[in-house]
Amino acid sequence: MTAAVLPMPLFQGHLDQDAEPVKNILSAAERCLWRSGYGGMSIRDVAEEAGVSKSLLHYHFRSKEHLLLEVQVGVYNRLAAHVTDAVRSAEPGSERGLLAFDALVESLRSVPELPVLAELQTRALSNPKLRTHALRMREYLCNLIEEMFASILGPEMERFPMPPRVAADLLLGLLVGVGLQSGLDEDRERTDATLGGFRVLVALALGELNKE
């Protein structure tokens, strides 16, 4: 099973995501974002962290919002790759669906960036520029999740008790909600309980696939 990773939604045609300067800038932007949050991070900080000029950074990334979008895509693609790798040996169907959800939960518990990613979503409500990028990110992630559903469930996807896009929106809402909640609950007990409850709902939905 190939990891469900879609091409990055780039805004500038000349941007090569495998180019060393681009990878260096994205890595530096991640560190700055997790350290300072969206409000505390600046393009100057990222350029200094990456050891490049601001002009070179702006050559590859149109704006701070564009840079943040690419950072988020990288994080979510890593989550997707972990999930698909975890279920590689399982046959498509409901059992593989639960394995995938458990792998996702495992990843969420080990990703410290989720509260920051959720913060970007809330800031997008009052920031028009960030809102534009957040909407693009939502469509990108929903497409990514739908592709994963199709790979994980195989032919049984046709009998799933809701449309793929609705299921993708629900899972994306979980990611954002868990990110916000984990930023508030340092002991993570409530977050873990939320994930456990959602797993029950997933199991019930997948159980419908096994009915005659």
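Guide: Let's start with a word we will need: a residue is called buried when its relative accessible area is under 20%. Keep in mind that this is a predicted model.

Visitor: How many residues of helix H4 are buried?
Guide: In H4, 18 of the 23 residues are buried, and the helix is mostly covered.

Visitor: What makes the span of helix H4 agree with its number of residues?
Guide: Helix H4 takes in residues 64–86, and at 1.5 Å a residue its 23 residues should span 33 Å. The C-alpha atoms at its ends are 34 Å apart, so the two values agree.

Visitor: Why is Cys 32 called buried?
Guide: Its relative accessibility is 2%, and the cut-off is under 20%, so Cys 32 counts as buried. Cys 142, with a relative accessible area of 0%, is buried too.

Visitor: How many disulfides are there?
Guide: A disulfide needs two cysteine sulfur atoms within 2.5 Å. By that rule the count is zero.

Visitor: And how many aromatic pairs does the structure hold?
Guide: There are two aromatic pairs. In one of them, the ring centres of Phe 101 and Phe 198 are 5.7 Å apart and the planes meet at 25°. Centres within 6.5 Å make a pair, and planes under 30 degrees apart count as stacked, so this pair is stacked.

Visitor: Which parts of the chain does the pair link?
Guide: Distant ones: Phe 101 is in helix H5 and Phe 198 in helix H9, 97 residues apart. Phe 101 has a relative accessible area of 6%, so Phe 101 is buried.

How values were computed:
Residues numbered from 1 in each chain as written. Predicted model: local features only at pLDDT ≥ 70, side-chain atom pairs only at ≥ 80, totals over all residues. Heavy atoms only, no water. Helix = DSSP H or I, 4+ residues; strand = E, 2+ residues; numbered from the N terminus. Expected span 1.5 Å × (residues − 1). Buried < 20%, exposed > 50% of the residue type's maximum accessible area, 1.4 Å probe, protein only. Phe/Tyr/Trp six-rings, centres within 6.5 Å; stacked < 30°, edge-to-face > 60°.
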